[in-house]
Number of protein chains: 2
Amino acid sequence: MVPKPHLDPQSEVPLYQQLCRHFTGLIQSGSLRRGERLPPTRELAGLLGLNRTTVSAAYELLESEGLITGQVGRGSFVTGGDPGDGAGLNWNAILEASHVTSIQPAWKAGADAISFAVSRPSEELFPVDDFRASCEEVMAGPDFASVLQLGSPGGYEPLRQYLIEESRQEGVLRPSDDLMITTGCQQALDLVRRVVLQPGDKVLVEEPVYPGLKNLFLESGADLTGIPVQTNGMDAAQLERALAKARYKALVITPNFQNPTGATVSRAGRESILRLTHNAGAVLIENDIYGELRYEGESLPTLKQMDPTGDSILLRSFSKISFPGLRVGWVMGPRALIGRMMEAKQLSDLHSDQLSQATLLHFALSGRLRAHHAHILQAGGERLKAAVAACERYLPGGTRFTRPQGGMNLWVRLPEPLDTSELLGRAHHEGVGYLPGKYFAVNRPEPGSLRLSFAGVDPVRIEKGIKILGEIFSTELERQIASREREPAPAMV
Amino acid sequence: MVPKPHLDPQSEVPLYQQLCRHFTGLIQSGSLRRGERLPPTRELAGLLGLNRTTVSAAYELLESEGLITGQVGRGSFVTGGDPGDGAGLNWNAILEASHVTSIQPAWKAGADAISFAVSRPSEELFPVDDFRASCEEVMAGPDFASVLQLGSPGGYEPLRQYLIEESRQEGVLRPSDDLMITTGCQQALDLVRRVVLQPGDKVLVEEPVYPGLKNLFLESGADLTGIPVQTNGMDAAQLERALAKARYKALVITPNFQNPTGATVSRAGRESILRLTHNAGAVLIENDIYGELRYEGESLPTLKQMDPTGDSILLRSFSKISFPGLRVGWVMGPRALIGRMMEAKQLSDLHSDQLSQATLLHFALSGRLRAHHAHILQAGGERLKAAVAACERYLPGGTRFTRPQGGMNLWVRLPEPLDTSELLGRAHHEGVGYLPGKYFAVNRPEPGSLRLSFAGVDPVRIEKGIKILGEIFSTELERQIASREREPAPAMV
């Protein structure tokens, strides 16, 4: 597609600059038009017999000149030059001002790859026949046409009423509360943000934290402070110190099996966090998306249940306990807040899809959800055990990792000087994926940390995958130590 | 539930103030707790033998004192007083700063009511069996578990590829464009706003305009200017004058069967609007949600097709041509823009439900969508004809209304001094609903205007409903004229 450049290795002009000039010419002459994709760096390097870093450097230069834009996992596209038949908009300038940032690196995993990168359930465990039966019940129902018709921002009303009733019986929903359905917990976070946060508001979150929360709140101009998560979840003493120093608008916490650490806040911790947040007059947002995935130990009440004021906001979802592809979550909170969130929902997308909501209602009412829940609790427990055992066995000495009682994630801290971002390419090459700690950092990056999402992988592959990671990490650690020993001591000056 | 007040009709204190004091006492003493609902005004008025306006006045006073909050269609709730076991948050203050505003008045229509209030298809025309067959095909497919699994922000990939192919063949999607799936057109508008608009940006919209666009953009701090819609859609001459006066970031237009007017922009108008927007360097956002609902006349190319620069953004949806409850729309635009919108989508809700996307794909691929489309075109044409005929026959002399060639809406302008907001209560009382013009106004309210959404009502009920409206409007017009004639001329001073 792209004409081959004439590059002169003898020239004083570095090769990457020559390559950059070549592309600049193609873009300015219109041979490469806006929106066209540049060859991947690896492919072009192979084609031209160049080092891949040379090609990357050329692309970086082109990007700094506004001629191309790199999109994570999608390649580099021409954004500058003549737009074609007429002079068009400068999309770089228009989009530059946006605060939206990309979140996850793409990894095109092969069929036999082992991915610990995504915190999601295992699709082999999906009770597809049970789901089909529930959906067929919905489609055979006398009110089915109304499921297909325009609905209400609060959600499909029969499902909403079911969740209200369940939450009341559980003692979570008070008479002063209301409940609405959202497109997963992610949308609940977005809607809370929309009605509660102003740009510049200070918000407390966990450190490390779920990247989808961090990026969403940063996009809205919030000023985030991370409170470290310890074995017993968010550290109350550090929370107290933070609250003594500044005025915070809100605190977001995942007290059960936190993403990414898997940590759970103790009962005493919950009481402290509630008291501190309450005294500080901050809005408490409790994300309980993993709460129903307890494989061992005793359940603890939600912060919302323990909260004497009734002001807490509680987020839940069907995504982790059943089918994330259906995107059905819900949120409970004071009536005035939920009323405003419904208005924000109407502006966002009118309402969520109703076929999935109606089907999940039948899936729950028929007892199929309960059966599936029991099944995934058993499978999840086995997977958790396999992951912990493999970490103990295969990860290099000096590694620390969490030992959660539920959820989908383990948090691993490798010994220094290992850097999980640098090692990820090697892991992908060996067919294993994970998310490096940098995606979860708020104020304190931990280059040696990584998240292992174990719930989507069966025990045999968990062991195999962690074994491969252990070999990569151990080899690199030995190499680093050896090279450090070889390095001559610097002269004292 | 609420203790009956002792009201003294002989007192110098007006009854509504007495009633307000009574409730203030109940709230401050904790007899009425935060989040509790006050009796509906009508019910309380009946109970106490008071005029309903007295009760409304008392509630307004309570609301102005921050003790209760009225939510349209949901009643009034206690928001002040003692929060219960501890001093809680001041939700009024927290939510006050939000820009989200409520959109539509709720009307609990009875089963035999005739509602022209919502621009949506008729559920009696839904091909439920065809839908069921498509969904069953999806559920029987070998990849069904992946439909239930976590997906991608761009949409369910097979549907996305289908829409890309269709749009390419139609000549709408260019090589420099990309396409993503959204939760209906409303979310496409929200995502465009998120990545393109900054608070304070000036945006051109139609006048009158779709309220979901107006409220969304106002919430994001945009400064809206309405360009009047005439018989041939947005007026290019007025657009030119506006663009000469100020710098606008974007223009949003629905060139086909605009909501609420039903107006369509002529080919010459499209050329002018494109040229003007292009010369002004503004982003052109084309909402084509009604484009496939042409009942008569010749189709016109989209602005995106006519645009020499390729910068236009085009929004489409399955909502009006099939099932709005599934919330599946899509948006096309320059690759860099769509890439950023996918990132914004991930922050909004990760992705849209996949069951509906997969089912709609099968619905389209099987030819069932085409058959349904032919059916609704025929039914829509009949409904449009019935609506126009009834407007001609029953609405009072001096009424003007649009005569669209497609879509779902007619725009009616009643003779002065009729006020459609004031008359709505009477229409509801007679079992007929519509949306008063005030919801659609940007800069120029037209109190005598209203939107008649005819597509969801069968021809017999269209005639019946418009006849009832005609009687209400004519009676009121006669009354107003008579009372004007009776009024003595004021003395000249």
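This is a predicted model: local features need pLDDT of at least 70, side-chain atom pairs count only at pLDDT 80 or more; totals for chains, interfaces and linings use all residues.
## Domain layout of chain A

## Contact between domains 2 and 3

Where these two domains of chain A meet, domain 2 contributes 27 residues and domain 3 contributes 30 residues. On the side of domain 2 of chain A that touches domain 3 of chain A, at least two residues each are supplied by α15 (368-394) and by β13 (409-413) of chain A; the largest share, 7 residues, belongs to α15(A).

The make-up of this side of domain 2 of chain A, sorted by residue class, is 12 nonpolar, 12 polar and 3 charged residues.

## Contact between chains A and B

The interface between the two chains brings 88 residues of chain A into contact with 88 residues of chain B. On the chain A side, the elements that give two or more residues are the strand β1 (68-71) and the helices α4 (91-96), α5 (128-140), α6 (144-148), α8 (184-196), α9 (211-219), α13 (335-349) and α14 (354-365) of chain A.

Of these elements, α13(A) gives the most to the side of chain A that touches chain B, namely 11 residues. Divided by class, the residues on that side of chain A comprise 36 nonpolar, 33 polar and 19 charged.

Technical notes
Residues are numbered from 1 along each chain as its sequence is written. Chains are lettered from A and ligands numbered from 1 in the order in which they are written. Two residues are in contact if their C-beta atoms, placed from the backbone, lie within 7 Å. Helices (H or I, at least four residues) and strands (E, at least two) are DSSP runs, numbered from the N terminus. Ala, Val, Leu, Ile, Met, Phe, Trp, Tyr, Cys and Pro count as nonpolar, Asp, Glu, Lys and Arg as charged, and the others, Gly among them, as polar.
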